[in-house]
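I opened the notebook to go through this model one item at a time. Entries follow in the order I looked things up.

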Amino acid sequence: LKKMGRRKVGKVTGDGAYDTKECYREIARKNAIPCIPPRSNARYWRGDHPRNNAVKALKQGQLAQWKHDTGYHQRSLAETAMWRFKILTGDRFRYHSYNAQVGEGYVRVAVLNKLTRLGMPVSEMVR
């Protein structure tokens with residue numbers, strides 16, 4: 001395996017538990033776009049904070065549209081994929097060093113991709 005560096009983060013999606021100033025601060029530090037729905041009792045934050053768009057949608061009863069517009073539904077697809085990944089390959093890495101864990105992760109993903117390609121059904125419309 002070739003040496004892999006740290007990846008840039010483009011977008012961070014999480015459920016309402018991640019609707020905290022600390023999480024938003026870390027997301028901003030990574031120069032990523034936050035996609036976190038506000039809690040039901042959310043209030044606006046000072047300034048032109050990206051979270052305020054989601055709070056506005058919540059208060060106007062448009063949170064479902066906000067989720068659609070921001071691609072929030074991708075989170076559930078990612079969670080399903082991670083569940084499948086953990087069930088098939090285990091939920092812990094065997095190695096302790098970061099580089100070894102990255103390599104182990106790439107091998108596990110390759111195995112999952114191979115299993116997916118082998119097991120995808122071929123459908124035909126029957127009339």
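How far apart do the end C-alpha atoms of residues 7-113 lie, and what percentage of the span is helix and strand? I get 20 Å between the end C-alpha atoms, with 54% of the span helix and 6% strand. I note that the model is predicted.

Annotation. I took residues 7-113 from UniProt, where an unreviewed entry places the feature "domain: Transposase IS4-like" there.

Domains. I looked up the domain assignment and found domain 1 at 11-70 and domain 2 at 77-118. Taken over C-alpha atoms, the centres of domain 1 and domain 2 are separated by 29 Å.

Surface. I found a nonpolar patch made of W83, I87, L88, V107, V111, L115 and L118. Together these residues have about 740 Å² of accessible area. I put the largest share, four residues, down to α5.

V107. I picked one of the patch residues, V107, and placed it in helix α5. V107 counts as partly exposed because its relative accessibility is 46%, and that class lies between 20% and 50%.

N31. I then went to the loop between α1 (21-29) and β2 (33-35), where N31 lies. N31 is not a glycine, yet it has a positive phi of about 55°. I noted this because most residues other than glycine have a negative phi. Is N31 buried or exposed? N31 counts as exposed, since its relative accessibility is 68% and the cut-off for exposed is over 50%.

Note on methods. Residues are numbered from 1 along each chain as its sequence is written. This is a predicted model: local features need pLDDT of at least 70, side-chain atom pairs count only at pLDDT 80 or more; totals for chains, interfaces and linings use all residues. Side-chain values use heavy atoms; hydrogens and water are left out. Domain bounds come from an automatic or database domain assignment. UniProt positions are given in the numbering used here, feature names are shortened, and annotations may be inferred rather than shown by experiment. Helices (H or I, at least four residues) and strands (E, at least two) are DSSP runs, numbered from the N terminus. Patches are made of residues with over 30% relative accessible area and no salt bridge: like charges are joined within 9 Å, nonpolar side chains (Val, Leu, Ile, Met, Phe, Trp, Tyr) within 5 Å. Accessible areas come from the Shrake-Rupley method with a 1.4 Å probe; for residues, only the protein chains shown count as cover. A salt bridge is a side-chain nitrogen of Lys or Arg within 4 Å of a carboxyl oxygen of Asp or Glu. Buried means under 20% relative accessible area, exposed over 50%, partly exposed in between (1.4 Å probe, protein chains only).
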